[in-house]
Amino acid sequence: MAAAIGGMVFPALIYLFFNAGQPAESGWGIPMAMDIAFALSVLSIMGDRVPVSLKVFLAALAIADDLGAIIVIAIFYSSHIDWNMIIAAMFTFAFLITLNVFHIRKIKYYIIPSILLWILFLHSGIHATIAGVIIAMTLPTKPRFNKKYFLYKSRYFTKCFQYEDKPGSEILSNEEQHLCLQSIRKIASNSISPSQRLEYALHHSITFLIMPLFALANAGVEIDFSNIGQLVNNESLGIFLGLVAGKPLGIFLLCWITIKLKLCSMPTAANWFMIFAVACLGGIGFTMSVFIDNLAFSDPGMISIGKVAILIASITSGLLGWNMINIAHKRSGRHFPQYK
């Protein structure tokens with residue numbers, strides 16, 4: 001979390017250094033955002049050249065960074081606030097919390113209030129992305145049955161299934177076996193928290209549909225090569241240097257401070273050079289940065305310049321991180337075991 005804060009503050013300061021008091025000043029949030037998918041993809045490709053602890057570190061950093069970006073969008077890139085909608089949203093939020101407090105674990109009871117909460121935020125003037133974070137906070141994270149109960153009951157119904165087995169019979173025609181399987185399914189489902197069940201259910205649709213649509217909808221860039229010189233201005237410099245330099249410096253410095261103050265410890269099998277190499281991947285801003293770029297500016301020309309700067313900075317950061325990790329690997333000469 002400390003690294004995420006550093007990785008958001010430094011890029012914003014670098015951007016404002018170039019653009020404070022300028023028409024592009026409102027774009028200070030653009031270089032703050034990190035693309036979790038691309039950054040983790042680059043690190044995953046490195047395989048056993050990177051210790052697992054640094055992969056966990058980058059994942060946690062990216063999640064905290066994403067939440068920070070959503071909060072920035074909600075507070076600074078929202079339109080006029082409608083307090084009636086906000087109050088209604090808070091009552092809806094309180095209702096969702098009440099469901100959790102009373103241990104209501106069936107997702108179907110959360111769906112309609114969640115949709116209502118999103119609609120209220122959408123019309124409140126606060127960007128509706130914050131609704132997703134709030135809804136996730138209300139979903140139960142503890143399963144109904146613990147591990148001990150699951151093991152006991154699943155073994156019991158497995159034995160019942162074996163006992164009711166009849167030579168030559170199919171499960172569909174054997175009502176007792178069918179009931180045993182239904183019981184095992186119910187026990188297994190209730191041994192996973194509603195939050196995790198929802199995560200598993202949405203994983204493929206988010207990965208293969210929602211995220212690609214999100215990226216395509218926000219990343220369209222039209223470049224007029226006759227005016228390519230306009231790409232080198234304070235806006236593009238602020239975005240480029242904010243992502244390429246500000247991100248790794250902020251992440252590294254906050255890591256150094258918190259470790260030196262003994263507020264946290266160095267990731268297992270890592271060193272300072274590796275920390276900086278991984279921090280360079282934080283400059284891959286793509287999707288969230290492009291999203292903020294669309295919110296920050298109304299001038300199509302400024303939006304286009306911002307997108308190109310984000311694309312160039314993200315590629316540069318990815319290549320820089322890749323090379324730094326390879327250098328770190330050559331210096332250590334080690335291959336790190338990977339958990340399966």
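The paragraphs below walk through this structure from its overall fold to single residues.

Please keep in mind that this is a predicted model, in which local features need pLDDT of at least 70 and side-chain atom pairs count only at pLDDT 80 or more, while totals for chains, interfaces and linings use all residues. Residues are numbered from 1 along each chain as its sequence is written, and side-chain values use heavy atoms, with hydrogens and water left out.

Let us begin with the whole protein. It has 13 helices and zero strands, where helices (H or I, at least four residues) and strands (E, at least two) are DSSP runs numbered from the N terminus. Along the principal axes, the C-alpha atoms fill a box of roughly 80 × 60 × 45 Å. Of the 340 residues in the protein, 40% are buried. Here buried means under 20% relative accessible area, exposed means over 50%, and partly exposed lies in between (1.4 Å probe, protein chains only).

Next come the charges. The model has one salt bridge, defined as a side-chain nitrogen of Lys or Arg within 4 Å of a carboxyl oxygen of Asp or Glu. The partners are D65 and K247, whose closest N and O atoms are 2.4 Å apart. This pair links distant parts of the chain: D65 sits in helix α3 (residues 52–76) and K247 in helix α10 (residues 234–260), 182 residues apart. Both D65 and K247 are buried.

Helix α3 also holds A69, which is buried with a relative accessible area of 2%. A69 and P31 are 38 residues apart along the chain, and their C-alpha atoms are separated by 10.0 Å. Another pair to look at is I14 and W28, 14 residues apart in sequence and 8.7 Å apart in space, C-alpha to C-alpha. I14 belongs to helix α1 (residues 2–19) and is partly exposed, with a relative accessible area of 22%.

Now for the surface. Patches are made of residues with over 30% relative accessible area and no salt bridge, with like charges joined within 9 Å and nonpolar side chains (Val, Leu, Ile, Met, Phe, Trp, Tyr) within 5 Å. The accessible areas come from the Shrake-Rupley method with a 1.4 Å probe, and for residues only the protein chains shown count as cover. The place of a charge is taken as NZ of Lys, CZ of Arg, CG of Asp or CD of Glu.

Under these rules, K106, K108, R144, R185 and K186 form a positive surface patch. K108 lies in helix α5 (residues 108–122) and is exposed, at 55% relative accessible area. A nonpolar surface patch of about 580 Å² is made by I111, I112, I115, W118, I119 and L122. I111 is in helix α5 too, and its relative accessible area of 44% makes it partly exposed.

What about the cysteines? The structure holds zero disulfides, a disulfide being a pair of cysteine sulfur atoms within 2.5 Å. The sulfur of C255 has its closest cysteine sulfur in C264, 6.9 Å away, which is too far for a bond. For C280, the closest cysteine sulfur is in C255, at 12 Å, again too far for a bond. C255 counts as buried at 7% relative accessibility, and C280 counts as buried at 1%.

Phi of K262 is near 60°, a positive value in a residue other than glycine, and K262 is exposed, with a relative accessible area of 75%. A269 is placed in the loop between α10 and α11 as well. Its phi is near 70°, also positive in a residue other than glycine, and A269 is partly exposed at 31%.

Note on methods: Lys and Arg count as positive and Asp and Glu as negative; His and the chain ends are not counted.
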